[in-house]
Amino acid sequence: MTPILKSIVGLFTASLLFYSCSTVPIVGRKQMNFLPESSMLQMSLTNYQAFLKEHKLSTDQKSTKLVKDAGFRIANAVNHFLAKNGLSAEVANYQWEFNLVADPTPNAWCMPGGKVVVYEGILPMAQNETGIAVIMGHEIAHAVAHHGNERMSQGLVQEFGGLALEKAVETQPQQTRQIFQVAYGVGSQLGFLLPYSRLHESEADRLGLILMAMAQYDPNEAVAFWERMAKAGQGSKMPVWLSTHPLDEARIAALKVNLPEAVKYYQLALRGR
């Protein structure tokens, strides 16, 4: 690449950084999301539908109901909070959907637009509805914070450099889909974005506590849930959720630090405020 071309690519990237800055709701961190939300929603729907065709939904009606009940309860609380604070645009065109799949893997993920999938294998660590709410709060936090757009933007820049990102999505569908799946934890964990992932996971932990608290779920349950997850990870096979997450001790310590903030939201929610 010639020096002039390098300069052009550099200016292109700088302009993207300048014009693509947004703020994570509640948390307040500045982030760079290069892709239009409409593109993310379309890719989400395509990949989500493909996943559901390839995976069997759980026949456990009781657990399925708990997943859906907790998911919609938190999503409704989030929608209400964002609308009340003039932030409805953060979830514009989201159509929340929650499914439990018959898979023994301890995993869960959320795609843009509010498409959440929980695997049966994580239910033993949840134990009850509040435990499921910890999972749902964490995954919904990823969607509200637009972590996937941020991670996918980073992946596309790494893969295609100065090529216009929307053009890359259009002309390189296979690579784009692979990057999308890595960004959202769908399928195998390829790991090339793990440093960013740990930042997002820590942020989703904090925001997830707040979101479940808004829905009147006791956020104190999160510590017990993650202690059970840590114990499950001590065996020969580490749960998928732990493979890209902060170290157990650091995570649990951070949760305890963030609990007072979440408890304030919990108390306000209990008082109907």
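1. Axes here are lines fitted to C-alpha atoms, for helices over the stretch in contact, and angles run from 0 to 180 degrees between N-to-C directions. Helices (H or I, at least four residues) and strands (E, at least two) are DSSP runs numbered from the N terminus. The model is predicted, so local features need pLDDT of at least 70 and side-chain atom pairs count only at pLDDT 80 or more, while totals for chains, interfaces and linings use all residues. Residues are numbered from 1 along each chain as its sequence is written, and side-chain values use heavy atoms, with hydrogens and water left out.

2. Helix α5 (residues 129-144) packs against helix α10 (residues 221-232) at an angle of about 90°, and their axes are 9 Å apart. The two are therefore roughly perpendicular (65 to 115 degrees; under 35 is roughly parallel, over 145 roughly antiparallel, and the rest oblique). In contact (heavy atoms within 4.5 Å) are T130, G131, V134, I135 and H138 of α5 with E221, A222, F225 and W226 of α10. These residues divide into five nonpolar, three polar and one charged. Nonpolar means Ala, Val, Leu, Ile, Met, Phe, Trp, Tyr, Cys and Pro; charged means Asp, Glu, Lys and Arg; the others, Gly among them, are polar.

3. Helix α10 also meets α12: their axes come within 10 Å and cross at roughly 175°. The pair is therefore roughly antiparallel. A222, V223, W226, E227 and A230 of α10 touch D248, R251, I252, L255, K256 and L259 of α12. This contact has seven nonpolar, no polar and four charged residues.

4. Three strands form an open sheet in the order β3-β5-β4, with mixed pairing (two strands pair if DSSP finds at least two bridges between them). Strands β3 (97-101) and β4 (108-111) stand at the edges with a single partner each, so one side of each has no neighbour in the sheet. From one strand to the next, the twist averages 15°.

5. Strands β3 and β5 (residues 115-119) run parallel and are joined by five bridges. L100 has V118 in β5 as its bridge partner. Helix α3 (residues 61-84) packs on the sheet, touching β3 and β5, and its direction makes about 155° with that of β3. Helix α5 packs on the sheet too, touching β3, β4 and β5, with its direction at about 30° to that of β4.

6. Which residues line the largest pocket? They are A77, H80, F81, K84, N85, M214, Q216, Y265, L268, A269, G272 and R273. By type, the lining has six nonpolar, four polar and two charged residues. Helix α3 gives the most, four residues; α3 and α12 (248-270) are the elements that give two or more.

Terms used:
On a 1 Å grid over the protein atoms alone, a cavity is a set of points where a 1.4 Å probe fits but cannot get out, and a pocket is an open set with protein on both sides within 12 Å along at least five of seven lines; lining residues have an atom within 4 Å of a point.
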